Amino acid sequence: MNLTTTLAGSYPKLPTEPGDVNVRVVRNRMDQGKATAEELSRAIQATVRRVVAFQDSAGIDLPVEGQIAWDDEQTPVARGLEGFGIAGLIRYLDTNTYYREPEITGPVRWTRPITVDEFRFAQALTPRPVKAVLPGPYSLYRFSKDRHYREPAEAVRAIGEALAAESAALEAAGARWIHYEEPWLGRAKAEEAPLVRAALVPLLSGRKASTVVHVPFRSPRAVFPVLRELPWTAVGLDLVESPDAWGLLSEVPAGRTVALGLVDARNTRLEEPAAVAEAVGRARAQRPDLTYQLCPTASLEYLPADRAAEKVRRLAQAARLAAGNGGR
Amino acid sequence: MSRGLWTTTVGSFPKPPDLERARNRFSRGEITAEELTKLEREETERVIRMQEEIGLDILVDGELYRGDMTTYFAERMGGYAISNPVRSYGNRYYRKPVAVGPIRRTQPLTVEWWKYAQSLTSKPVKGMLTGPYTMMDWSFNEHYPSREAMAMDLAEAVREEALALEEAGATFIQIDEPAVSVRPEELPLAVRALGRATAGLRAKTITHVCYGDFDVIYPALLELPVDMIDLEMANSRFDLLERFRQHPFTKEIGLGVLDVHNHRIETKEEVKEGLRRALEVLPPERIYVDPDCGLKTRTVEEARQKLTVMVAAVREVRAERGISP
């Protein structure tokens, strides 16, 4: 049975093999005035090449670019939109990682492509469709300080429309899959469902590309009655940190795709591929009418590079086991 | 005349460039542990002298010998391994602890450094530890079946170290729990773990909490079983104080009045205004004044200037209100 493998969000930038380009070292050297912006750009490109080639060799069907040039998962996009400023460092939910808080200071508008060059570069490296990754509009709003809009609904709609324009630019560049990272959907309360709808409707309506709304960390149970009705192709669930997300499987509309987050992106403990394959089997038994992707629970950048790589190999092996070819 | 508005800091001080270079050279095997320790002791003495010159009331050793606030402890405990680098933001990375077996305190963790720092001054030096909940939350776990099991083993290890600090003479013991502010549903676990870590201590106990959604965790935060909770205030423009009008803050407070993530040096008037606002909702005898968080991200000179402003502001407000230290 077909089972598509993919990754979420960002991928560790550091090399696992001695001698490989280390973008961290180049950035440090640039900060000290010992390397140029061109050298950093070359190091970033070399890292993207390595990350995409690794996913290819591991057998990941929908590889990601890895957000190798990004400082965090939302600032680069917020910075690229009109109406956003960027403020101080703030903890990223409960992850002990940080991001710079976007501040909405005026009407949010898309004026130019933000991630298209990165997508094109990565796509040129592989025959497989590269999955473009963007922050989801609801989460981008919740991660931001709103100093402009009077009504949250206006703000999320504007962000949704801006990200829709970026998505259209990615589609025009050839993106067949676009992934929206939406951790805040797992924290949204039922009364926030109208906001979730206001954020996601302008984004998902009329998309040419297939879309994934990925919810790491927590189950989007409270807003699922609204989320399930929206026109996404796939919903990504974190089934490790939130085992109660298994319960949502019964509520997914027939014919849709679920990206099963079964490989823990926040712990170094390695999964047994057979156990992951068994969990995929459980999902199929429960809802044989759905299609499935297999992915990590969240961005693998929460892990050291060596463990992230091993988890990707095991994820691919689990998918082969689940497909019934013995993990070879 | 009332007493109060004592001045202190949250724990870490900036490492001077020489020490950073020495730490890098040590990690590359270019200098010995003894050479690095010698420099760390010299710089620790400098930090003690700086705090005395500025006029702080309760001192810290500055943690110049520590890297990350969890990894330092994990490297010295049984049951922990240390991961390859993990990114925290941008180009900043740290090596994260990994629980690979039962976690135990197998040796003193900070006592010798505390003794050394206390030997340099007649003012009280705080014992500084990372709390069990934060150690658990900021580690990978390859061993324990649950977060609770790991946190409670860590609580026992932290308690042993706290008792050792007390036995050595520490009268203030700070057990930092910055992670409790981000998972409100786990606050009861943090309370249990910190309760275990502080059980039987006679020293004044403090915990520092930061970067969280206080709308969600306050007033439940007051259940943390310590004498004093240290909070960042400047970073949120002292907005938290308004919450204390509705739900009185019932413990002693470490009142953060300096934004540690900003290069700008606060003006004396800004700090005084924050203190005056705090005195509207808290009695002076329950206020300890300090920066929002550790100062390690500032330069030595920024730290000196910020703390000098803080102490000057406190002195003027004390004089205004007839408060003695």
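Biologist: Of the contacts in chain A with a separation of 6 or more, what percentage is accounted for by residues 24 or more positions apart?
Modeller: This is a predicted model, and its totals for chains use all residues. When the contacts in chain A with a separation of 6 or more are taken, the share from residues 24 or more positions apart is 74%.

Biologist: What radius of gyration does chain A have, beside that of a compact globule?
Modeller: The C-alpha trace of chain A spans about 50 × 50 × 35 Å along its principal axes, and buried residues make up 52% of its 328 residues. A compact globule with 328 residues would have a radius of gyration near 20 Å, and chain A agrees with this because its value is 19 Å.

Biologist: Are helix 9 and helix 10 of chain A roughly parallel or oblique to each other?
Modeller: Helix 9 (residues 273–286) and helix 10 (residues 305–322) of chain A have axes 8 Å apart and pack at an angle of about 50°. Angles under 35 degrees count as roughly parallel and those of 65 to 115 as roughly perpendicular; helix 9 and helix 10 of chain A are therefore oblique.

Biologist: Which element gives the most to the side of chain A that touches chain B?
Modeller: The contact takes 25 residues from chain A and 19 residues from chain B. On the side of chain A, the elements that give two or more residues are helix 1 (23–31), strand 2 (82–91), strand 3 (98–109) and helix 10. With four residues, the element that gives the most is strand 2 of chain A.

Notes
Residues numbered from 1 in each chain as written. Chains lettered and ligands numbered in written order. Predicted model: local features only at pLDDT ≥ 70, side-chain atom pairs only at ≥ 80, totals over all residues. Axes fitted to C-alpha atoms, helices over the stretch in contact; angles between N-to-C directions. Parallel < 35°, antiparallel > 145°, perpendicular 65-115°, else oblique. Contact = placed C-beta atoms within 7 Å. Rg over C-alpha atoms; globule rule 2.2 N^0.38 Å. Buried ≥ 20, exposed ≤ 12 C-beta atoms within 10 Å, placed from the backbone.
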